Amino acid sequence: MSSRRSAADPPRPVTISHIARTAGVSVPTVSKVINGRAGVAPGTRARVESLISEYGYRKSAPPAGGTTIELVIGQGGELPGIEIIQGVQQVARERQLGVVLSGSGPGDDPGRYWLDHAVSRRSLGVVAVAQLDADARDQLRRHAIPFVVVDPTHELPEDVPFVGATNWSGGRAATRHLLGLGHRRIAAVTGPDHVLSRRARFDGHRSALEEAGHTGQPALVTRRDLTREGGRSAARDLLARPDRPTAVVTGNDLQAVGVYQAARAAGVRIPEDLSVIGFDDLPVAAQLDPPLTTVHRPLGQMAVTATGMVLALGRGERPAQTGIELATTLAVRHSTAPPNAWRPRSNAVTPDGRRP
């Protein structure tokens, strides 16, 4: 028997944790070696493999059936968490399953720790918000763990199941609403162009303008972060223009909150001087003063649909369609109204010194 073993060593079966402690590495690193995954230095891999052989470690057979669903919130995804979590939990409760919430980040460690644990506990499936990269998809397929992406940020291969929303239609509906109120100087505050849903929303906005016979005003389009500060910064610039817009459509509700803040600081009234439309219909939208007109995205139902798809895939069922887009609707509140007769103040003065 190897001199490495002693009375202090745990009885067989030896655990991954014990091998990790002995090798001086993390549990996920040992898991990668056991499962043949990349991302381990050759010297480290050789040391771990030697210990596996020495201790006679054998990979445990997975349980007959998992009892958890993995919900992974991708870094960079600005989907609000609570609606998604509640949607997944709704389906899980109905089937007496558990939900494990994880966050994924850039790179493999520590952002991908969720993948090793999902494999080791034999999760029933993975609901990934925003994105799931090719390596993670390959790993899950190798272990027969189904997955569905919710609101993907980038184009996916045709065989990757996803659930999204009709972002293009939502963007068009928002701008059509403003055009119907009589607005013509409509600004667009959008997000990064590489984000799929943001590009679709802006394309819908542009389509509505073209449909109404407006070629658009490039100076009234600005791209900023999908944050409150992004919206505030964009609105400050737009409201400082001599021909400032009478309405603004934003990339999401957080940007709309920033527009409210900038308008208030500039003494611009909503909706009397400026109409504002958001996107997503987060709880904050109805709590603003005035309540925000926004495009409702059925986030909870998107999560319910994605979770149902994951479980169906796990049962070996083939979905009727790989990608599903749920309808968006316009929630009209009090932040939009017909444009008033605002016009830039003239620098001229009357003979008695007053401005006209």
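This is a predicted model: local features need pLDDT of at least 70, side-chain atom pairs count only at pLDDT 80 or more; totals for chains, interfaces and linings use all residues.
## The nonpolar cores

The largest nonpolar core has 23 residues, and those that touch the most other members are Ile 84, Val 127, Val 150 and Met 302. Two or more residues of this core come from each of β1 (68-74), α4, β3 (125-129), β4 (147-150), β5 (162-165) and α12 (299-314), and it is α12 that gives the most, with 8 residues. In soluble globular proteins, nonpolar side chains tend to be buried together.

Met 302 can be looked at in more detail. When its neighbours within four places in sequence are left aside, Met 302 is in contact with Val 150, Asp 151, Val 163, Gly 164, Ala 165, Arg 297 and Leu 326.

## Strands around β10

Strand β10 (residues 293-296) pairs with strand β9 (residues 275-280) in the parallel sense, over 4 bridges, whereas β10 and strand β12 (residues 329-331) run antiparallel and are joined by 3 bridges. His 296 of β10 takes part in both pairings, for it stands opposite Asp 280 and also has Thr 329 in β12 as a bridge partner.

## Helix α5

Helix α5 covers residues 113-120, and its buried residues are Trp 114, Leu 115, Asp 116, Ala 118 and Val 119. The helix is followed by Arg 122, a residue whose phi is positive, near 55°.

## Arg 95 in its loop

Arg 95 belongs to the loop that lies between α4 (81-94) and β2 (98-104).

The side chain of Arg 95 is joined to that of Glu 94 by a polar contact of 3.4 Å. Thr 67 is 28 residues away from Arg 95 along the chain, and the C-alpha atoms of these two residues are separated by 9.4 Å.

## Charges over rings

Two arginines lie over the faces of phenylalanine rings: Arg 201 over Phe 279, at 3.7 Å from the ring centre, and Arg 223 over Phe 202, at 5.4 Å from the ring centre. As for aromatic pairs, the structure holds 0 of them.

Definitions and conventions
Residues are numbered from 1 along each chain as its sequence is written. Side-chain values use heavy atoms; hydrogens and water are left out. Rings of Phe, Tyr and Trp (its six-membered ring) pair if their centres lie within 6.5 Å; planes under 30 degrees apart count as stacked, over 60 as edge-to-face and the rest as tilted. A charge sits over a ring if NZ of Lys or CZ of Arg is within 6 Å of the ring centre and within 35 degrees of the ring normal. Buried means under 20% relative accessible area, exposed over 50%, partly exposed in between (1.4 Å probe, protein chains only). A polar contact is a pair of N or O atoms within 3.5 Å; within protein, one must be able to donate a hydrogen and the other to accept it, and residues adjacent in sequence count only if both atoms are side-chain atoms. Two strands pair if DSSP finds at least two bridges between them. A nonpolar core is a set of buried Ala, Val, Leu, Ile, Met, Phe, Trp, Tyr and Cys residues joined through side-chain atoms within 4.5 Å. Contact means heavy atoms within 4.5 Å.
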